[in-house]
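I look things up one at a time and write down what I find.

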Amino acid sequence: MSIQIFNSLSRQKEEFVPLEKGKVKMYVCGPTVYNYIHIGNARPVIVYDTVRRYLSYRGYDVTYVSNFTDVDDKLINAARELGEEVPQIAERFIKAYFDNTKALGCAEADAHPRVMEHMPQIIEFIEALIDKEYAYESQGDVYYRTRKFDGYGKLSHQSVDELKSGARVEMGDKKEDPLDFVLWKAAKPGEISWDSPWGAGRPGWHIECSVMAREHLGDTIDIHAGGQDLTFPHHENEIAQSEAMTGKPFARYWMHNGYINIDNEKMSKSLNNFVLVNDILKELDPQVLRFFMLSVHYRNPINYSQELVEDAIAGLERWRTAYNNVKHRLSVTADLGDQTDIWQSKVDEIKQAFIETMDDDFNTANGISKLFDLSRLSNQYLAEKQTSKQVLESFIQTFEELAGVLGLPFQQEEELLDAEIEALLEERIEARKNRNFARADEIRDLMKEKNILLEDTAQGTRWKRG
RNA sequence: GGCGGCAUAGCCAAGUGGUAAGGCAUGGGUCUGCAACACCCUUAUCACCGGUUCAAAUCCGGUUGCCGCCUCCA
């Protein structure tokens with residue numbers, strides 16, 4: 001069975017066939033770095049990081065590129081308000097981006113291109129579009145001649161005329177047509193700018209992605225991804241620019257993730273309900289946030305609330321407990337089990353089911369449920385009187401493999417306890433042996449205060465940090 | 001006005017033709033010195049109406065409700 005991807009272009013699931021066998025070129029639209037990222041920014045980063053991991057897991061060699069928009073109106077406004085320079089602000093929030101996304105288990109891209117680093121290429125690209133008459137200069141601005149591009153609207157599935165009826169009519173029009181969009185913006189006095197054949201200015205928003213995708217991945221890429229809201233106009237315009245330029249398909253598969261709501265409301269400035277990743281992570285285990293995001297299919301909307309976060313905490317804890325309990329058993333018992341084949345095949349079944357559901361448009365919600373199935377199975381196995389090393393190790397291996405694909409690796413418990421606690425543990429074992437339960441309970445309470453939880457099993461006492 | 005999405009148990013959420021995964025919560029039981037962890041059992045005619053089909057949460061039509069895009073928002 002092959003991997004199926006829901007392609008926004010066709011609005012259908014399609015078999016994934018990369019342009020070049022075994023290799024995937026992937027471009028994900030990154031944030032405008034004028035603030036800390038909010039959880040809505042974090043969703044695509046987590047989702048497409050998981051897509052990338054899964055494709056690698058399935059044997060593809062993935063080249064992954066994600067940009068930073070480090071020049072635009074929002075940055076210019078932020079600079080003005082803070083009395084800083086644009087590059088300074090960009091630098092600060094790019095650093096914060098890496099801190100936050102790394103905490104969330106997202107690997108760095110193979111390249112993180114920035115607009116400011118691609119001015120010559122952007123200008124060349126625009127010049128070429130002008131040569132091909134897909135663009136025109138107007139009072140220091142350059143616009144894209146939308147109607148000239150035949151396929152315009154194929155991604156958002158709207159005809160040019162449909163779009164026109166909804167388009168804003170610009171005042172003092174420098175455009176030939178209201179649907180035309182800006183490739184180069186003339187600088188206003190005091191704004192950061194670059195020299196160009198059309199005077200001082202800066203790139204429009206959409207051109208950067210066309211240029212940087214081409215620069216780093218070539219004329220045609222396999223997967224282009226981003227938030228649902230980018231479908232129009234951003235991605236539509238990227239297609240128009242790139243395909244007019246190269247005459248080749250720009251991207252073969254377009255993926256768009258759904259929104260996040262906060263307490264059932266859209267995040268917006270007027271409601272002032274933006275949730276910044278940086279703030280959440282002060283109190284929340286980053287894995288919980290990632291787990292939460294992946295517990296819903298990426299194309300569906302997701303709601304963020306305290307209650308749901310708490311569910312996620314409990315759910316993730318279930319995996320961890322199951323995993324650690326297998327580890328504990330492995331460390332304290334001999335190799336005694338029989339019927340290893342039966343259990344082994346059950347483990348394999350779960351792994352296969354995981355792959356099957358992930359193959360189907362990256363169904364992480366279902367994938368996560370397979371980890372829960374594995375947890376139940378391992379718990380059942382631990383209830384057996386005799387266990388084999390081979391099966392226990394297979395559980396561990398499968399837990400690590402599947403959770404790893406989701407970017408939710410099991411953290412190694414610190415095995416070290418200080419001497420005082422070690423001594424108390426010993427004393428408690430002795431006390432229980434002598435049926436001095438009062439003392440045993442006392443020690444258990446004492447440990448609990450130190451955030452160490454004790455669990456007595458037939459194979460001895462195990463502990464974990466609470 | 002145009003395009004599109006969603007509606008599944010108390011909450012969250014998979015499932016796109018063959019009589020409803022999983023998690024959280026609840027109730028009952030088992031295990032345990034007690035506890036914790038855990039295990040077992042328990043909870044849904046899938047918004048409504050009609051149609052297609054031997055068979056529909058799943059396909060088609062309609063209704064209601066919510067949401068997104070069409071305004072340089074992930």
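**Entry 1: a strand pair**

Which residue in E8 does Ala186 stand opposite? I looked it up: Ala186 faces Gly201. I note at once that I am working with a predicted model.

I then checked how the two strands run. E7 and E8 pair in the antiparallel sense, over three bridges. E7 covers residues 181–186. I asked how much of E7 is covered, and six of its six residues are buried.

E7 has another partner on my list. Strand E6, residues 141–144, is joined to E7 by three bridges. That pair is antiparallel too. Here Val142 stands opposite Trp184 in E7.

**Entry 2: Pro203**

Next I picked a residue from E8. Pro203 lies in this strand, which spans residues 201–203. Is Pro203 buried or exposed? I counted 26 other C-beta atoms within 10 Å of Pro203, so Pro203 is buried. The cut-off for buried is 20 or more.

I listed its contacts, leaving aside neighbours within four places in sequence. They are Val71, Val115, Ile122, Trp184 and Glu208.

Pro203 and Met116 are 87 residues apart in sequence. In space, their C-alpha atoms are 9.4 Å apart.

**Entry 3: the record's binding site**

I turned to UniProt. Which residues does its unreviewed entry list for "binding site"? The entry gives Cys29, Cys209, His234 and Glu238. These four are spread over 210 residues of sequence, yet they cluster in space. The largest C-alpha distance among them is 11.1 Å.

I took two of them further. His234 sits in helix H7, residues 231–246. Glu238 lies in helix H7 as well.

How do they compare in burial? His234 has 18 C-beta neighbours inside 10 Å, so it counts as partly exposed. Glu238 has 27 C-beta neighbours inside 10 Å, so it counts as buried.

Then I checked contacts, again skipping neighbours within four places in sequence. His234 is in contact with Trp205 and His206. Glu238 is in contact with His206, Cys209, Ser210 and Phe250.

**Entry 4: the RNA**

I moved to RNA strand B. How many residues of the model are around RNA strand B? I found 63. Gly40, Trp205, Gly227, Gly315 and Asn379 come nearest.

I sorted the surface near RNA strand B by class. It has 24 nonpolar, 23 polar and 16 charged residues.

**Entry 5: helix H10**

I looked up H10, residues 306–332. This helix has 27 residues. From first C-alpha to last it reaches 39 Å, close to the 39 Å expected at 1.5 Å a residue.

Which residues of H10 are buried? They are Ala312, Leu316, Trp319, Ala322, Tyr323, Asn325, Val326, His328 and Arg329. I asked what covers them. The cover includes helix H9 (286–294), helix H12 (364–382), helix H13 (389–405) and strand E15 (460–465).

**Entry 6: E15 and its partner**

E15 made me curious, and I followed it. Strand E14, residues 452–457, is joined to E15 by six bridges. The two run antiparallel. A hairpin of two residues links E14 to E15. The bridge partner of Leu453 in E15 is Lys464.

**Entry 7: an open sheet**

I noted a sheet of three strands, ordered E12-E11-E13. It is open, and the pairing is mixed. Why is one side of E12 and of E13 left without a neighbour in the sheet? E12 (265–266) and E13 (302–304) stand at the edges, each with a single partner strand, so one side of each has no neighbour there.

E11, residues 260–262, pairs with E13 in the parallel sense, over three bridges. In E13, Asn303 is the bridge partner of Asn261.

**Entry 8: the whole chain**

Last, I stepped back to chain A. I counted 15 helices and 15 strands. Its C-alpha atoms fill a box of roughly 90 × 50 × 35 Å along the principal axes. Chain A has 466 residues, and 38% count as buried. Among contacts between residues at least 6 apart in sequence, 73% join residues at least 24 apart.

Definitions and conventions. Residues numbered from 1 in each chain as written. Chains lettered and ligands numbered in written order. Predicted model: local features only at pLDDT ≥ 70, side-chain atom pairs only at ≥ 80, totals over all residues. Helix = DSSP H or I, 4+ residues; strand = E, 2+ residues; numbered from the N terminus. Buried ≥ 20, exposed ≤ 12 C-beta atoms within 10 Å, placed from the backbone. Contact = placed C-beta atoms within 7 Å. Pairing = 2+ DSSP bridges. Near = placed C-beta within 6 Å. Nonpolar A, V, L, I, M, F, W, Y, C, P; charged D, E, K, R; others polar. UniProt positions renumbered as here; feature names shortened; annotations may be inferred. Expected span 1.5 Å × (residues − 1).
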